[in-house]
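Good morning, colleagues. Please look at the sequence and the model on the screen while I speak.

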Amino acid sequence: MKVRSVFHPAVACLGPGASLSEAASLMRAGEFGSIAIYEGDRLAGILTETDLVRAVADHRDPASTTVSEYMSLDPVTAGLDEDSMEVAERMVSNGFRHLPVVEQGRL
């Protein structure tokens with residue numbers, strides 16, 4: 001089965017200068033577990049629920065801390081035509097719960 005048959009097509013995006021508060025609000029409003037971070041037209045990173053927990057554990061102020069301080073840079077991605085089992089294995093072996101899906105460089 002291909003990724004295109006099982007992926008969630010809705011996506012949330014922010015820029016690296018957005019605050020963790022903005023990210024958390026967007027995640028909650030859209031019921032997203034992660035947010036794609038774009039710099040211009042390039043996927044620069046991903047911010048996940050785990051990253052937000054890490055920031056809270058570090059006692060960071062979510063209103064003044066930017067997503068760039070906690071996001072994972074240059075995230076591993078999956079393609080729509082990849083085998084979903086292979087992608088799932090990649091996610092498990094890397095400890096990922098979220099993986100951006102791209103087609104021709106676009107999320």
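I shall describe the sheet and then the pockets.

Please bear in mind throughout that this is a predicted model.

I begin with the sheet. In general, the strands of a sheet pair through backbone hydrogen bonds, and the pairing may be parallel or antiparallel. Here we have an open sheet of four strands, in the order S1-S2-S3-S4, and its pairing is mixed.

Let us turn to the pairing of S2 with S3. These two strands run antiparallel and are joined by six bridges. They form a hairpin with two residues between them, and glycine 40, in the turn, has a positive phi of about 65°. Across this pair, glutamate 39 stands opposite arginine 42 in S3, and isoleucine 37 stands opposite glycine 45 in S3.

S3 also pairs with S4: two bridges join them, and the two strands run antiparallel.

How much of S3 is buried? Six of its seven residues are, and the strand is thus mostly covered.

The largest pocket has a volume of about 650 Å³. Its lining comprises 30 residues, and those closest to the centre are Phe7, His8, Leu99, Pro100 and Val101. Which element gives the most to this lining? Helix H3 does, with four residues. Both strand S2, residues 34-39, and helix H3, residues 84-94, supply at least two residues. In terms of class, the lining of the largest pocket has 20 nonpolar, six polar and four charged residues.

The second largest pocket holds about 270 Å³ of space. It is lined by 15 residues, with Thr48, Ser72, Gly95, Phe96 and His98 nearest its centre. Strand S3, residues 42-48, helix H2, residues 49-57, and strand S4, residues 72-73, each contribute at least two residues to the lining of this second pocket. The largest share, three residues, comes from H2. By class, the lining of the second largest pocket has seven nonpolar, five polar and three charged residues.

To close, I would draw your attention to S2, which pairs with S3 through six bridges and also supplies at least two residues of the lining of the largest pocket. Thank you for your attention.

Note on methods: Residues are numbered from 1 along each chain as its sequence is written. This is a predicted model: local features need pLDDT of at least 70, side-chain atom pairs count only at pLDDT 80 or more; totals for chains, interfaces and linings use all residues. Side-chain values use heavy atoms; hydrogens and water are left out. On a 1 Å grid over the protein atoms alone, a cavity is a set of points where a 1.4 Å probe fits but cannot get out, and a pocket is an open set with protein on both sides within 12 Å along at least five of seven lines; lining residues have an atom within 4 Å of a point. Grid points are joined across faces, edges and corners, and a volume is the space filled by probe spheres set on the points. Ala, Val, Leu, Ile, Met, Phe, Trp, Tyr, Cys and Pro count as nonpolar, Asp, Glu, Lys and Arg as charged, and the others, Gly among them, as polar. Two strands pair if DSSP finds at least two bridges between them. Buried means under 20% relative accessible area, exposed over 50%, partly exposed in between (1.4 Å probe, protein chains only).
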